[in-house]
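This briefing sets out what can be read from the model shown below, grouped by topic. Please keep the structure in view while going through the points.

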Amino acid sequence: MADDPVTAAATVPSPSPAAAAGPIGHSVIPIVNKLQDIFSQLGSSSTIDLPQVAVVGSQSSGKSSVLEALVGRDFLPRGSDICTRRPLVLQLVHLAQGAEGNVEGAEWGEFLHLPGKRFFDFAAIRREIQVETDREAGGNKGVSDKQIRLKIFSPNVLNITLVDLPGITKVPVGDQPTDIEARIRTMILSYIKHETCVILAVSPANSDLANSDALQMARIADPDGSRTIGVITKLDIMDRGTDARNFLLGNIIPLRLGYVGVVNRSQEARCPKVLPT
Ligand SMILES: Nc1nc2c(ncn2[C@@H]2O[C@H](COP(=O)(O)OP(=O)(O)OP(=O)(O)O)[C@@H](O)[C@H]2O)c(=O)[nH]1
Ligand SMILES: [Mg+2]
């Protein structure tokens with residue numbers, strides 16, 4: 001379905017996966033998601049916190065790549081420059097196979113700011129995130145704390161809410177204010193301070209874990225480490241002769257929930273260079 005054009009289907013109501021009988025969370029999650037959507041449109045935050053998973057870490061550590069891997073599709077702005085510049089609240093909605101009005105196996109995205117418009121082309125979802133980011137945060141590396149809310153409907157996902165956040169940067173560039181680091185840290189904390197938030201603390205394997213912004217932020221919000229999972233990215237580009245064993249075993253910075261190591265796609269794998277022949 002990835003090559004289908006963006007399809008507007010303003011009149012088709014979203015299927016209600018909640019309708020199917022299932023564990024209690026399955027019916028509660030869509031209702032609370034809807035409440036949160038309403039609150040976010042009103043510009044205030046909901047007092048009901050739903051469990052969500054947020055990624056934190058320094059810029060370009062691989063946060064968006066990790067979330068994409070969880071969804072199994074390529075649809076987030078990623079790259080070596082600052083990419084995520086607004087919080088993206090990503091509600092994954094599991095579609096029961098063969099649910100009414102629903103082509104088998106179909107997957108699509110819907111933005112809260114474009115109600116009723118279904119994006120079957122995941123490259124178009126990425127473009128819309130970029131356009132919507134520029135609209136609020138400008139085109140020159142600016143950052144905004146105003147959320148983008150996106151739902152992904154798919155038979156291949158669990159009902160879960162993921163939050164992609166801007167990475168921590170130190171030196172202001174482009175239109176960023178001088179206190180950009182403090183602003184981004186405040187923004188991240190506003191998500192990960194909630195007891196219901198699982199923190200994915202993303203650190204690249206090619207730099208020392210003791211310098212990890214992700215683990216430092218996670219420790220502020222979750223001092224006893226009961227809801228922090230360490231994610232070590234870029235295992236494929238570590239220095240030759242080194243390994244991440246001590247990171248992954250928690251010998252450097254112990255975490256109660258431990259660490260997972262991942263290899264996401266590199267920029268080169270994503271956009272292979274055409275070599276001159
Ligand atoms: N080789 C390799 N490259 C990776 C890995 N994970 C991410 N990358 C690359 O690192 C760059 C940054 O990845 P992103 O997922 O955009 O990182 P981010 O933390 O979301 O970045 P910001 O949103 O800008 O803070 C991209 O070019 C990715 O392709 C990995 O495991 N191995
Ligand atoms: Mg990102």
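K234 lies in the loop between β9 and α6 (245-248), and its phi is near 60°, a positive value in a residue other than glycine. The model is a predicted one, with an average pLDDT of 85 for the protein and 81% of the residues scoring at least 70.

**Loop residues with positive phi**

- Most residues other than glycine have a negative phi.
- K234 has 22 C-beta neighbours inside 10 Å and therefore counts as buried, since the cut-off for that class is 20 or more.
- S60, which is placed in the loop between β2 and α2, also has a positive phi, of about 65°, although it is not a glycine.
- S60 counts as buried because 21 C-beta neighbours lie inside 10 Å.

**The sheet**

- An open sheet is formed by 8 strands in the order β4-β6-β3-β7-β2-β8-β9-β10, and its pairing is mixed.
- The edge strands, each of which pairs on one side only, are β4 (108-111) and β10 (259-261), while neighbouring strands of the sheet are turned against each other by 25° on average, direction ignored.
- Strand β3 (residues 88-94) is mostly covered, with 5 of its 7 residues buried.
- β3 runs parallel to strand β6 (residues 148-154), to which 7 bridges join it, and within this pair L92 stands opposite I152 in β6.
- With strand β7 (residues 160-164), β3 pairs in the antiparallel sense over 5 bridges, and V89 has V163 in β7 as its bridge partner.
- Strand β9 (residues 228-233) and β10 run parallel and are joined by 3 bridges, with I232 having G261 in β10 as its bridge partner.
- Helix α2 lies across β2 (52-56), β3, β6, β7, β8 (197-204) and β9, and runs at about 160° to β7.

**The shell around ligand 1**

- Ligand 1 is surrounded by 27 residues, of which the closest are G62, R78, T84, G167 and S266.
- The elements that give two or more residues to this shell are α2 (63-71) and α7 (267-270), and α2 gives the most, with 3 residues.
- By class, the residues of the shell around ligand 1 divide into 15 polar, 6 nonpolar and 6 charged.

**A residue of helix α5**

- A221 lies in helix α5 and counts as buried, because 21 C-beta neighbours lie inside 10 Å.
- Not counting residues up to four places away in sequence, A221 touches L189, I192, K193 and I199.
- The C-alpha atoms of A221 and S190 are separated by 9.4 Å, the two residues being 31 residues apart along the chain.

**Confidence of the prediction**

- Where pLDDT is low, the predicted coordinates should not be read in detail.

Key: Residues are numbered from 1 along each chain as its sequence is written. Chains are lettered from A and ligands numbered from 1 in the order in which they are written. This is a predicted model: local features need pLDDT of at least 70, side-chain atom pairs count only at pLDDT 80 or more; totals for chains, interfaces and linings use all residues. A residue is buried if 20 or more other C-beta atoms lie within 10 Å of its own, exposed if 12 or fewer, and partly exposed in between; C-beta atoms are placed from the backbone. Helices (H or I, at least four residues) and strands (E, at least two) are DSSP runs, numbered from the N terminus. Two strands pair if DSSP finds at least two bridges between them. A residue is near a molecule or strand if its C-beta atom, placed from the backbone, lies within 6 Å of it. Ala, Val, Leu, Ile, Met, Phe, Trp, Tyr, Cys and Pro count as nonpolar, Asp, Glu, Lys and Arg as charged, and the others, Gly among them, as polar. Axes are lines fitted to C-alpha atoms, for helices over the stretch in contact, and angles run from 0 to 180 degrees between N-to-C directions. Two residues are in contact if their C-beta atoms, placed from the backbone, lie within 7 Å. pLDDT is the predictor's confidence in each residue, from 0 to 100.
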